[in-house]
Amino acid sequence: MIKKGKKLHEGKAKILYAGQEKGTAIQHFKDNATAYNNQKKSIIEGKGILNNRISEHILFNLNQIGIETHLIKRINMREQLVKLVEIIPIEFIVRNISTGSLTKRLGIEDGTVLDKPLIEFCYKNDNLGDPLVAREHIYAFGWANDVELDWITKQCLRINDYMQGMFKGIGIKLVDFKIEFGRFNENGKKKILLADEISPDTCRLWDATSDKKLDKDRFRKDLGNLFEAYQEVARRLNILHEETNIKPVQFGKLRSIKNRK
Ligand code: 5GP
């Protein structure tokens, strides 16, 4: 059994503990759901288990195609062993279809399919509400250099390409997603790794035929049945495992979101 060390950081949906071995950490997925910079909060039982499993599946597959990630292995229902990186304080947003803050900010019609993926940079700072920044800000304040940013941008496009195909195969449109990267020193070699979860908490996923939202927008927009939507994503990815004790249910039925404000 891998023992957890001291708590390194507690975020809105995850806790990071030191790992037993140097350079490793244990990432714990909580059931907390937050939106609008923590103004809206709830607990959705089982969400952390599903996100742990979905994220493990996606990161494992990205590793298989040569995209290096922080994931070492999933260790239990709620936890993963990961490489401990120095996080680059930028949220990389990749968009295929216009929605969310893009539509609000620029008045682009919701649902507009973009000719090619759009990558946006946001400065990771909750107090400021993760503001959109330009490349020039990233260089000016030393958050990353041009070599790093070029590399990350290319990785974002590869990740998007892979994920779009993966989701298309299971009848889901990958609308947009957010990822973060970190610096890692592996035997003296500096690397940049994808160091974030990829789950319905961090992506927008629409059913390909009905455009039904299968992601955190169900919580943001009070659409209900968030747990069932995440389960549906896991079911289609064929990763609902008995160990999780989460049985497939028909979308839209059973369980309601538990609000424990
Ligand atoms: P938007 O900028 O439209 O609100 O979000 C774009 C995409 O990035 C969405 O898939 C959204 O879930 C994700 N995203 C943006 N910021 C955050 C964040 O701070 N946390 C999480 N979990 N996802 C985010």
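Mentor: What follows is a look at one helix and its surroundings. This is a predicted model, in which local features need pLDDT of at least 70 and side-chain atom pairs count only at pLDDT 80 or more, while totals for chains, interfaces and linings use all residues. Residues are numbered from 1 along each chain as its sequence is written, and side-chain values use heavy atoms, with hydrogens and water left out.

The part is helix 4 (residues 146-168), where helices (H or I, at least four residues) and strands (E, at least two) are DSSP runs numbered from the N terminus. The axis of helix 4 and that of helix 1 (residues 47-64) come within 11 Å and cross at roughly 120 degrees; axes are lines fitted to C-alpha atoms, for helices over the stretch in contact, and angles run from 0 to 180 degrees between N-to-C directions. Helix 1 is therefore oblique to helix 4, since angles under 35 degrees count as roughly parallel, over 145 as roughly antiparallel, 65 to 115 as roughly perpendicular and the rest as oblique. In this contact (heavy atoms within 4.5 Å), helix 1 contributes Ile58, Asn61 and Leu62, and helix 4 contributes Ile159, Tyr162, Met163, Met166 and Phe167.

Helix 4 also lies across strand 13 and strand 14, running at about 110 degrees to strand 13. These strands belong to an open sheet of three, in the order 8-13-14, with antiparallel pairing; two strands pair if DSSP finds at least two bridges between them. Strand 8 (86-87) and strand 14 (189-194) stand at the edges with a single partner strand each, so one side of each has no neighbour in the sheet. Two bridges join strand 8 to strand 13 (residues 181-186), and Glu86 has Arg183 as its bridge partner in strand 13.
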